[in-house]
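Trainee: Could you walk me through this protein model, one question at a time?
Mentor: Gladly; let us look at it together.

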Amino acid sequence: MNGGRVAVVTGGNRGIGRAIAGALADDGFAVVVTARDPATLADTVAEIEKAGGTAVPLACDVRDEASVAAMAAEAAGLGPVHTVVANAGIAGPTAPLHEIGLDAWRDCLATDLDGVFLTFRAFVPGLVERGEGSLIAVSSMTGKRPLHGRTPYAAAKMGVIGLVRTLAVELGPHNVRVNAVCPGAVAGPRIDDVIRKQATARGVSEEEALRAFTEASPLGRLVEPVEVARACAFLASDGAAAITGEDLNATAGVVMY
Ligand code: NDP
């Protein structure tokens, strides 16, 4: 399965990206794992190699056009890139819109929307040339339904869905699929921080802010990183050959559209 194919994961040094890199390696991809500081990628690479997979660490800042282009060129030198997962992202500010400065707004969109644009753009010519491939963006359920105080993040993540649908139309004739995965609240340090900030912004306890996430889930729980990763691995696989332009929820049922 996927032997000889290369997959690229941005933001692969921790959290969801690390789980995605592991899942793609489990499915036979040679995985290029990227983040800004290559030193932080060693643990992901070691984990994949220990499990018998192949991983290559590359530095890349997804906000920097030249850095993304250099990473894409190096990745292409490793073999036929088939799958690119644009996972790198930041949470951005949590505040009422009128209290958000233009710099903070732009900072969030530069990583969460421009970063996906730059990442996908760097790989499109190669995928089109080979006539196959799977581009996957990690959006968020916040791109599909509101979350108090998160206007820049929501705008970026909904923008990602628009980008994905439009690019799916452009690349479909070349047999290149483009999809998004929309995680719900994923267990880990980042969601702990979001919950802390939600609690402060809404003047409620952290337990209550956490309950707002878990009670909205029919499964009554947060999502595990590996569950988002398996959704990405499915979209990368030939089993998803008929799926493009999709935004696949991995939200424990919080969002159903
Ligand atoms: P983390 O904060 O744990 O990891 C973020 C990753 O993005 C890191 O690998 C980080 O690497 C990388 N990154 C950030 N900025 C850049 C940049 N400019 N260039 C390259 N890499 C960058 O987040 P998560 O694992 O939780 O989130 C991963 C994705 O999932 C994000 O897109 C996030 O929006 C999305 N998501 C997360 C949810 C959650 O509950 N955690 C819910 C819904 C969506 P480094 O900073 O070392 O370069």
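**Reading the fold**

Mentor: With 257 residues, a compact globule would have a radius of gyration near 18 Å, and the protein chain agrees with its 17 Å. That radius is taken over C-alpha atoms, and the globule rule is 2.2 Å times the number of residues to the power 0.38. Keep in mind that this is a predicted model, where local features need pLDDT of at least 70, side-chain atom pairs count only at pLDDT 80 or more, and totals for chains, interfaces and linings use all residues. Residues are numbered from 1 along each chain as its sequence is written, and side-chain values use heavy atoms, leaving out hydrogens and water.

Trainee: How many helices and strands does the protein chain have?
Mentor: Here helices (H or I, at least four residues) and strands (E, at least two) are DSSP runs, numbered from the N terminus. Counted like this, the secondary structure comes to eight helices and seven strands.

Trainee: What is the order of the strands in the open sheet?
Mentor: Two strands pair if DSSP finds at least two bridges between them. The seven strands of this open sheet have parallel pairing, and their order is E3-E2-E1-E4-E5-E6-E7.

Trainee: Which strands stand at the edges?
Mentor: Look for strands with a single partner strand, so that one side of each is left without a neighbour in the sheet. These are strand E3 (54-59) and strand E7 (247-250).

Trainee: How many bridges join E1 to E2?
Mentor: E1 has partners to compare: it runs parallel to E4, with four bridges joining them, and Ala7 has Thr83 as its bridge partner in E4. Towards E2, Val6 stands opposite Ala30. E1 and E2 run parallel too, and the bridges joining them number five.

Trainee: What is the handedness of the β-α-β unit made by E1, helix H1 and E2?
Mentor: Point the strands away from you and follow the path from the first strand over the helix to the second: if it runs clockwise, the crossover is right-handed. For E1, helix H1 (residues 15-26) and E2, the unit is right-handed.

Trainee: Are the residues of E1 buried or exposed?
Mentor: Buried means under 20% relative accessible area, exposed over 50%, and partly exposed in between (1.4 Å probe, protein chains only). In a regular strand the side chains alternate between the two faces of the sheet. In E1, Val6, Val8 and Thr10 point one way and Ala7 and Val9 the other way. Five of the five residues of E1 are buried.

Trainee: Which strands does helix H8 touch?
Mentor: Helix H8 (residues 225-236) packs on the sheet, and its direction makes about 165 degrees with that of E6. Such angles run from 0 to 180 degrees between N-to-C directions, with axes fitted to C-alpha atoms, for helices over the stretch in contact (heavy atoms within 4.5 Å). The strands that H8 touches are E4, E5, E6 and E7.
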